[in-house]
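The following note sets out numbered remarks on one protein model for a reader new to structural description. Please keep the structure in view while reading each point.

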Amino acid sequence: MQLGLDISTTTTGYAITTNDSIIELGFVDLKKQTDISDKAWTLVNHLCELDSLESVKDIIVEDSLSGFMRGRTSRQTI
């Protein structure tokens, strides 16, 4: 199984998949946390509650979209 993450500072999406199906998916709202450490721990705590996390062998993180808006945004994702 793989864990896919779309990480940003306001909302992080996740999906746990096998090669041919989605096992679990959702998102974590991080807007209420003001400190980056609090945001990270909120995400970790949420993911640790997922039953299928134990079977994850690979973690895939979406690449940054810097330059996507060609100067119209300064937001970056990891």
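1. The sheet. In this predicted model, 4 strands form an open sheet, and their order across it is β3-β2-β1-β4. The pairing within the sheet is mixed.

2. The order along the chain. How many helices and strands does the protein chain contain? The count comes to 1 helix and 4 strands. Read from the N terminus, the elements follow the pattern β-β-β-α-β.

3. The pairing of β1 with β2. These two strands run antiparallel and are joined by 5 bridges. A hairpin connects β1 to β2 through 4 residues. Several residue pairs can be located here: L3 stands opposite I16 in β2, L5 stands opposite Y14 in β2, and D6 has G13 in β2 as its bridge partner.

4. The pairing of β2 with β3. Strand β3 covers residues 22-29 and pairs with β2 in the antiparallel sense over 7 bridges. Between β2 and β3, which form a hairpin, there are 4 residues. One of the bridges may be found at A15, whose partner in β3 is L25.

5. The pairing of β1 with β4. In which sense do β1 and β4 pair, parallel or antiparallel? They pair in the parallel sense, over 4 bridges. Here L5 stands opposite V61 in β4.

6. The nonpolar core. The largest nonpolar core has 11 residues, namely L3, L5, I7, Y14, I16, V28, L30, L43, L47, L50 and V56. The elements that give two or more residues to this core are β1 (2-6), β2 (11-17) and α1 (36-48).

7. Residue L5. This residue belongs to the largest nonpolar core. Setting aside neighbours within four places in sequence, L5 is in contact with G13, Y14, L47, I59, I60, V61 and E62. Of these, Y14 is the residue opposite L5 in β2, and V61 is the residue opposite L5 in β4. L47, another contact of L5, is also a member of the core.

8. Residue T12. T12 has its place in strand β2. Is T12 buried or exposed? Its relative accessible area is 0%, and T12 is therefore buried, the limit for that class being under 20%. When residues up to four places away in sequence are not counted, T12 touches D6, I7, G26, F27, V28, L30 and L43. A polar atom of the T12 side chain also lies 3.4 Å from the backbone oxygen of S8.

9. Residue T10. T10 lies in the loop between β1 and β2. At 30% relative accessibility, T10 counts as partly exposed. T10 and K31 are 21 residues apart in sequence, yet their C-alpha atoms are 4.8 Å apart in space. K31 is one of the residues in contact with T10, together with V28, D29 and L30, when neighbours within four places in sequence are left aside.

10. The chain as a whole. The protein chain has 78 residues, and buried residues make up 21% of them. Among contacts between residues at least 6 apart in sequence, 37% join residues at least 24 apart. The chain exposes about 5,900 Å², and carbon and sulfur atoms supply 53% of that area.

Methods:
Residues numbered from 1 in each chain as written. Predicted model: local features only at pLDDT ≥ 70, side-chain atom pairs only at ≥ 80, totals over all residues. Heavy atoms only, no water. Core = buried A, V, L, I, M, F, W, Y, C linked by side-chain atoms within 4.5 Å. Buried < 20%, exposed > 50% of the residue type's maximum accessible area, 1.4 Å probe, protein only. Contact = heavy atoms within 4.5 Å. Pairing = 2+ DSSP bridges. Areas by Shrake-Rupley, 256 points an atom, 1.4 Å probe, with all protein chains shown as cover. Polar contact = N/O pair within 3.5 Å; in protein donor to acceptor, adjacent residues only side chain to side chain.
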